[in-house]
Amino acid sequence: QVQLVESGGGLVQAGGSLRLSCAASGRTFSDYHMGWFRQAPGKERRFVAGISGSGLTTYYADSVKGRFTISRDNAKNTVYLQMNSLKPEDTAVYYCNSVGRFGVWDPLDAWGQGTVVTVSS
């Protein structure tokens, strides 16, 4: 059974940075594309960024393009999200998941507990 454990969230001022991590276990990590998603209070969970299994291809939602960077370390079974120039509207619970199809970003596994990011103005 796949387990996903997100970490690295916190409280930061607008313009600041955070680096999120997601440790995965239970399958061959490099075989799967990975994605970061977020759910703001009172809103649906939405895709933020995705990365191919090899790590060579990435994709971003327009709202974070140029500010966030997704990366992965397949030797450590970990995917990262570097978030710079944070805005109050980035406030959300952030989740990672394996995704079935690159470009579709359909999550495959049960969601982890997520990590809370709060950006103050």
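Which strand gives the most to the lining of the largest pocket? In this predicted model, that element is strand S5, residues 46–51, with three residues in the lining.

**The largest pocket**
- The space inside the largest pocket amounts to about 230 Å³.
- Its lining consists of 13 residues, and Arg38, Ala40, Lys43, Arg46 and Glu89 are those nearest the centre.
- Sorted by class, this lining holds six nonpolar, five charged and two polar residues.

**The largest nonpolar core**
- A total of 26 residues form the largest nonpolar core, where Trp36, Val79, Leu81, Met83 and Tyr94 have the most contacts inside it.
- Two or more residues of this core come from each of strands S3 (18–25), S4 (33–39), S5, S7 (68–73), S8 (78–83), S9 (92–99) and S10 (115–120).
- Strand S3 supplies the largest share of the core, namely four residues.
- In soluble globular proteins, nonpolar side chains tend to be buried together.
- Beyond its neighbours within four places in sequence, Val79 has contacts that include Leu20, Phe29, Met34, Trp36, Ile51, Ile70 and Cys96.

**Thr115**
- Thr115 belongs to strand S10.
- From its side chain, Thr115 reaches the backbone nitrogen of Gly9 at 2.9 Å.
- With neighbours within four places in sequence left aside, the residues in contact with Thr115 are Glu6, Ser7, Gly8, Gly9, Leu20, Ala92, Val93 and Tyr94.

Note on methods: Residues are numbered from 1 along each chain as its sequence is written. This is a predicted model: local features need pLDDT of at least 70, side-chain atom pairs count only at pLDDT 80 or more; totals for chains, interfaces and linings use all residues. Side-chain values use heavy atoms; hydrogens and water are left out. On a 1 Å grid over the protein atoms alone, a cavity is a set of points where a 1.4 Å probe fits but cannot get out, and a pocket is an open set with protein on both sides within 12 Å along at least five of seven lines; lining residues have an atom within 4 Å of a point. Grid points are joined across faces, edges and corners, and a volume is the space filled by probe spheres set on the points. Ala, Val, Leu, Ile, Met, Phe, Trp, Tyr, Cys and Pro count as nonpolar, Asp, Glu, Lys and Arg as charged, and the others, Gly among them, as polar. A nonpolar core is a set of buried Ala, Val, Leu, Ile, Met, Phe, Trp, Tyr and Cys residues joined through side-chain atoms within 4.5 Å. Buried means under 20% relative accessible area, exposed over 50%, partly exposed in between (1.4 Å probe, protein chains only). Contact means heavy atoms within 4.5 Å. A polar contact is a pair of N or O atoms within 3.5 Å; within protein, one must be able to donate a hydrogen and the other to accept it, and residues adjacent in sequence count only if both atoms are side-chain atoms.
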